[in-house]
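This report is meant for someone meeting the structure for the first time. It takes up a few residues in turn and places each of them in its surroundings.

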Amino acid sequence: MISFKQQIASMADVLIRNIDKKTLERLKERAARNNRSLQEELKELVEFHAKPDIEETRGRVNEILMKYKASGKKFPDSGDELSDDRSR
């Protein structure tokens, strides 16, 4: 598990130059509507757009599933256990 101190140490700063004044104003307005500072709004936008897409996520899940199947392990069927719990 990564400690808070390690997370802080691994964060980077980004500088964006030559932003059009109209674009900057729209970003400031957006930040104000969301009750965030400009920096918080920009960070939110960057993080949102940097998330893995559905195909990348699906591929990663399939990789994990294939490794799990190759290990010979089986997922237990919890349906019967759920039914028993619900009938109590």
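Where does N35 lie? N35 is found in the loop between α2 and α3, where helices (H or I, at least four residues) and strands (E, at least two) are DSSP runs numbered from the N terminus.

## Basis and confidence

The model is a predicted one, in which local features need pLDDT of at least 70 and side-chain atom pairs count only at pLDDT 80 or more, while totals for chains, interfaces and linings use all residues. Residues are numbered from 1 along each chain as its sequence is written, and side-chain values use heavy atoms, with hydrogens and water left out.

The protein has a mean pLDDT of 87, and 91% of its residues reach 70 or more; pLDDT is the predictor's confidence in each residue, on a scale from 0 to 100. Confidence is highest in helix α2 (residues 21-33), with a mean of 97, and lowest in helix α1 (residues 4-10), with a mean of 65. Where pLDDT is low, the predicted coordinates should not be read in detail.

N35 has a phi near 55°, a positive value in a residue other than glycine, and at 71% relative accessibility N35 counts as exposed. The terms of exposure are set by relative accessible area: buried is under 20%, exposed is over 50%, and partly exposed is in between (1.4 Å probe, protein chains only). N18, in the loop between α1 and α2, also has a positive phi, of about 60°, although it is not a glycine, and N18 is exposed at 81% relative accessibility. Most residues other than glycine have a negative phi, and most peptide bonds are trans.

## Salt bridges

A salt bridge is taken as a side-chain nitrogen of Lys or Arg within 4 Å of a carboxyl oxygen of Asp or Glu, and by this rule the count comes to five salt bridges.

| Pair | N to O separation |
|---|---|
| R30 and E41 | 2.6 Å |
| R36 and E41 | 2.7 Å |
| E63 and R60 | 3.2 Å |

R30, R36 and E41 are linked in a network of salt bridges. E41 is buried, at 0% relative accessibility, whereas R30 is partly exposed at 34% and R36 is partly exposed at 30%.

The salt bridge between E63 and R60 is set within one helix: E63 and R60 are three residues apart in helix α4, so they are separated by about one helical turn. Both ends count as partly exposed, E63 at 44% relative accessibility and R60 at 43%.

## Surface patches

Patches are made of residues with over 30% relative accessible area and no salt bridge, with like charges joined within 9 Å and nonpolar side chains (Val, Leu, Ile, Met, Phe, Trp, Tyr) within 5 Å. Which residues form a nonpolar patch on the surface? V14, I16 and I19 do, with about 310 Å² of accessible area together, and such areas come from the Shrake-Rupley method with a 1.4 Å probe, where for residues only the protein chains shown count as cover. V14 lies in the loop between α1 and α2 and is exposed, with a relative accessible area of 74%.

A patch of negative charge on the surface gathers D77, D80, E81 and D84. D80 belongs to helix α5 (residues 79-86) and counts as exposed, at 56% relative accessibility.

## Separations from E56

E56 lies in helix α4 (residues 54-70) and is exposed, at 51% relative accessibility. From C-alpha to C-alpha, E56 and S87 are 40 Å apart in space, and they are 31 residues apart in sequence. R88, in the segment after α5, is exposed at 77% relative accessibility; R88 and E56 are 32 residues apart along the chain, and their C-alpha atoms are separated by 42 Å.

Technical notes
Lys, Arg positive; Asp, Glu negative; His and termini not counted. Charge placed at Lys NZ, Arg CZ, Asp CG, Glu CD.
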